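Dear colleague,

Please find below the structure that I am handing over to you, together with its sequence. I would be grateful if you kept it open while reading the notes that come after it.

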Amino acid sequence: MSSSFRAFLNSPVGPKTTHFWGPVANWGFVAAGLADMKKPPEMISGNMTAVMCVYSALFMRFAWMVKPRNYLLLACHASNEAVQLCQLSRWAKGNGYLSEKKGEASSK
C-alpha cells in the first residue's frame, strides 16, 4: 500500500470513521432531491422541503465547526441545500406564492 493511501485510510476523517461514512450516506438526500426534480410541483411537500433546508444549513455549520473540519460533510449538505432550495422554489411557484395574485394584478 502506498504511504499516501495508508495516511488517508488512517486519518481522522478517513473511511474508518463516521466523519467519512456519515457524509457518504447523506449523499442519498442529494440523489433523492435530484430524482424528485422530474416530479410535478404538486408532489412536493413544502413542510418537508423547508425542514430539509434547515437541516442542511445546520449541518453545514456543524461540518465547519467540528474538529477536524469535515469538508466532505460540508460539500454534501451544501449540495443538498441547493437542491432543496430549488425544490422549495418549485413548490412555491406551483402553489402561487411567487407570483402576483389575479386580483392584485387586475387592480393595478
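The notes below describe what was found, topic by topic. Please bear in mind that this is a predicted model.

The annotated segment

I begin with a record. The unreviewed UniProt entry carries the annotation "transmembrane region" for residues 44-64. In the model, the chain over residues 44-64 is 90% helix and 0% strand.

Aromatic rings

A pair of aromatic rings is described by the distance of the centres and the angle of the planes. The count of aromatic pairs in this model comes to seven. One of them is formed by Tyr55 and Phe59, with 5.0 Å from centre to centre and 50° between the planes, and this pair is tilted. Both residues belong to helix α3, where Tyr55 and Phe59 are four residues apart, about one turn of the helix. As for accessibility, Tyr55 counts as partly exposed at 24%, and Phe59 is likewise partly exposed, with a relative accessible area of 33%.

Why is the pair of Phe59 and Phe62 edge-to-face? The ring centres of Phe59 and Phe62 lie 5.8 Å apart, and their planes stand at 65°, so the pair is edge-to-face; the cut-off for that class is an angle over 60 degrees. Phe59 and Phe62 are three residues apart in helix α3, and about one helical turn therefore separates them. Phe62 has a relative accessibility of 42% and counts as partly exposed.

Taken together, ring pairs link Phe29, Tyr55, Phe59 and Phe62 into a cluster. A further ring to look at is that of Trp64: Arg69 lies over its face, at 3.7 Å from the ring centre.

The loop between α3 and α4

Pro68 is found in the loop between α3 and α4. The peptide bond from Lys67 to Pro68 is cis, and its omega is near -5°.

The largest pocket

Which residues lie nearest the centre of the largest pocket? They are Asp36, Met48, Thr49, Gln84 and Gln87, from a lining of 14 residues. The elements that give two or more residues to this lining are α2 (18-35), α3 (46-65) and α4 (71-94). Sorted by class, the lining has seven nonpolar, five polar and two charged residues. The space in the largest pocket is about 260 Å³.

Ala82 lies in helix α4. Is Ala82 buried, exposed or partly exposed? Its relative accessibility is 49%, so Ala82 counts as partly exposed, given that exposed means over 50%. Ala82 and Gly33 are 49 residues apart along the chain, and 9.7 Å separates their C-alpha atoms.

Ser11 is found in the loop between α1 (3-9) and α2. With a relative accessible area of 18%, Ser11 is buried, because buried means under 20%. Ser11 and Arg90 are 79 residues apart along the chain, and their C-alpha atoms are separated by 41 Å.

With kind regards

Methods
Residues numbered from 1 in each chain as written. Predicted model: local features only at pLDDT ≥ 70, side-chain atom pairs only at ≥ 80, totals over all residues. Heavy atoms only, no water. 1 Å grid on protein atoms, 1.4 Å probe; cavity = no way out; pocket = protein on both sides within 12 Å on 5 of 7 lines; lining within 4 Å. Points joined across faces, edges and corners; volume = space filled by probe spheres on them. Nonpolar A, V, L, I, M, F, W, Y, C, P; charged D, E, K, R; others polar. UniProt positions renumbered as here; feature names shortened; annotations may be inferred. Phe/Tyr/Trp six-rings, centres within 6.5 Å; stacked < 30°, edge-to-face > 60°. Buried < 20%, exposed > 50% of the residue type's maximum accessible area, 1.4 Å probe, protein only. Lys NZ or Arg CZ within 6 Å of the ring centre and 35° of its normal.
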